[in-house]
Amino acid sequence: MAHVNHRGLGREHDHADVRCRRLLFRSWNRGTQESDLILGSFAETSLAKFDGVQLDRLEALLDCSDPDLFDWIFGVTPPPAQHDHDVMRLLRDFCIARQTIPQARQPSRS
């Protein structure tokens with residue numbers, strides 16, 4: 001029977017938790033209100049579901065400038081190959097879903 005080092009598992013979990021909190025902080029503190037709202041909200045709803053590779057990808061996106069990110073997110077320009085991945089698609093989908101707000105029903109003019 002293999003011996004499981006529970007302390008090692010705890011440290012691994014603690015490291016992941018610290019990393020997620022750090023990414024959440026970076027996402028909410030970009031410097032502009034627009035990027036804070038987009039990236040912070042996305043991180044809040046997505047980080048818990050991300051695996052290590054996806055966390056790496058988000059971290060790399062957070063190293064990019066806001067103008068580049070906005071162009072990629074909103075389809076002004078395609079992202080470069082290294083940023084054209086599942087996390088970018090999730091971020092785009094997140095922004096599209098947040099933009100789609102049901103219109104209030106207007107009274108009919110009969």
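What share of the 110 residues in the chain is buried? Buried residues make up 31%, where buried means under 20% relative accessible area, exposed over 50% and partly exposed in between, using a 1.4 Å probe and protein chains only.

A quick word on the model: it is predicted, so local features need pLDDT of at least 70 and side-chain atom pairs count only at pLDDT 80 or more, while totals for chains, interfaces and linings use all residues. Residues are numbered from 1 along each chain as its sequence is written, and side-chain values use heavy atoms, with hydrogens and water left out.

The fold has five helices and zero strands, running α-α-α-α-α from the N terminus. Helices here are DSSP runs (H or I, at least four residues; strands are E, at least two), numbered from the N terminus. Of the contacts (heavy atoms within 4.5 Å) with a separation of 6 or more, 53% link residues 24 or more positions apart.

Now to α5. This helix covers residues 86–99, 14 residues in total, and spans 20 Å from its first C-alpha to its last, close to the expected 20 Å; the expected span is 1.5 Å times one less than the number of residues. Val87, Met88, Leu91, Phe94 and Cys95 of α5 are buried. They sit on the same side of α5 because they cover an arc of only 120 degrees around the axis, taken from the directions from the helix axis to the C-beta atoms.

| Helix packed against α5 | Residues |
|---|---|
| α2 | 33–46 |
| α3 | 52–62 |
| α4 | 66–73 |

How do α2 and α4 sit relative to each other? Their axes are 11 Å apart and meet at an angle of about 55 degrees, so the two helices are oblique to each other. Axes are lines fitted to C-alpha atoms, for helices over the stretch in contact, with angles from 0 to 180 degrees between N-to-C directions. Under 35 degrees counts as roughly parallel, over 145 as roughly antiparallel, 65 to 115 as roughly perpendicular, and the rest as oblique. Glu34, Ser35, Ile38 and Leu39 of α2 make the contact with Asp66, Leu69, Phe70 and Ile73 of α4.

Pro67, in α4, counts as exposed at 54% relative accessibility. Pro67 and Ser35 are 32 residues apart in sequence but 9.5 Å apart in space, C-alpha to C-alpha. Arg19, in α1 (residues 6–28), is buried with a relative accessible area of 15%. Leaving out residues up to four places away in sequence, Arg19 touches Gly52, Leu55, Asp56 and Glu59.
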